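Thanks for coming. Please have the sequence and the model open while I talk.

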Amino acid sequence: MKNWKKEEALKAIDGLVLEITSIKESGRKSAHHARWVTNAHRILQEIFGENSAYYQTFRNFSWREDGQMIFRAVDIESAIEYRHTKAFNSQLEQAKGLLLAAKDQLETSEINEVYEGSNTAPEASELIQIINLGEQKLRKLIRKTPKTEMEVQNKYEDLMIANDIKYSREFPSIEYSSKKYIPDFSIERLSLAIEIKLCKNSEKPLIAQINDDILAYRTQFKNLIFLIYDLGQIRDSDFFKDSIEGNEGVIVQIIKE
């Protein structure tokens, strides 16, 4: 699941709305429409959750006429396609209204407040809460430039304690490829390992280290968070994250000094 930020989510919804005009021009059954629907499903699901009215309503659009059709026309096929196209355009307008309503709610809420999961909503909500801890609160707690990773780990632990998150520290020990790997924090009920990194030198060795960690931790955990406190060594955060987040269930958070 993508780790959405509020401004990024709003921009994504705007993008979906802006595409609607060109989708009407490309028509029903077009590649453009199929791609747009797939992206919209994913974006609404990741931002608002499977149990949200926005996702559930959008996924029920058929993009065709579903009611009974009675014709007296000679060219039946053309008449049927006309009805389908009319329903297609009408549902695109409804989808536009739905997306704008979703944007309205997000503009007046925090992103973690709009998520409604399915049967695992409590776990999903807690995972989002943990993701937000690093991005929104950790930097505020660190007043002096840290010299060691343990300093950052201790501040992160303070956040988890303050937010009543039950966790294990430096557990479990994982044997992989003749080496021992121990995550800084783990949350068993979420199948989550959290690793804190302090980037004070070149970013390249850090990427190699994280890739090694992923191979080991994935033997026991479905979800991995790598939180990197950067002292100015990472030049392109998006490029750095993209090279790692291609792995399913892996989230990279970069906190700038």
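Helix α7 passes helix α8 in a right-handed crossing. A crossing gets that name if the near helix is turned clockwise from the far one by less than a right angle, and is left-handed if anticlockwise. Before going on: this is a predicted model, where local features need pLDDT of at least 70, side-chain atom pairs count only at pLDDT 80 or more, and totals for chains, interfaces and linings use all residues. Residues are numbered from 1 along each chain as its sequence is written, and side-chain values use heavy atoms, with hydrogens and water left out.

α7 covers residues 203–217 and α8 covers 237–245; they pack at an angle of about 25 degrees, their axes 11 Å apart. Axes are lines fitted to C-alpha atoms, for helices over the stretch in contact, and angles run from 0 to 180 degrees between N-to-C directions.

Which residues make the contact? From α7 they are E203, L206, I207, I210, N211 and I214, and from α8 they are F240, S243 and I244. Contact means heavy atoms within 4.5 Å. Of these residues, six are nonpolar, two polar and one charged. Nonpolar covers Ala, Val, Leu, Ile, Met, Phe, Trp, Tyr, Cys and Pro; charged covers Asp, Glu, Lys and Arg; the others, Gly among them, are polar.

Now the sheet. Five strands form an open sheet with mixed pairing, in the order β1-β4-β5-β6-β7. Two strands pair if DSSP finds at least two bridges between them. β1 (168–169) and β7 (250–256) stand at the edges with a single partner strand each, so one side of each has no neighbour in the sheet. α8 packs on this sheet and touches β6 (223–230) and β7, its direction making about 160 degrees with that of β7.

β4 (residues 185–187) runs antiparallel to β5 (residues 192–199), and three bridges join them. F185 has I194 of β5 as its bridge partner. The hairpin of these two strands, β4 and β5, has four residues between the strands, and there S191 takes a positive phi near 50 degrees. On to the next pair: β5 and β6 run parallel, joined by eight bridges, with I196 opposite L227 in β6. β6 and β7 also pair in the parallel sense, over seven bridges, and I228 has I254 of β7 as its bridge partner.

Is β5 buried or exposed? Eight of its eight residues are buried, so β5 is largely enclosed by the rest of the structure. Buried means under 20% relative accessible area, exposed over 50%, and partly exposed in between, with a 1.4 Å probe and protein chains only. Both faces of β5 are covered, with L192, I194, I196 and L198 on one side and A193, E195, K197 and C199 on the other. In β7, six of the seven residues are buried, so this strand too is largely enclosed by the rest of the structure.
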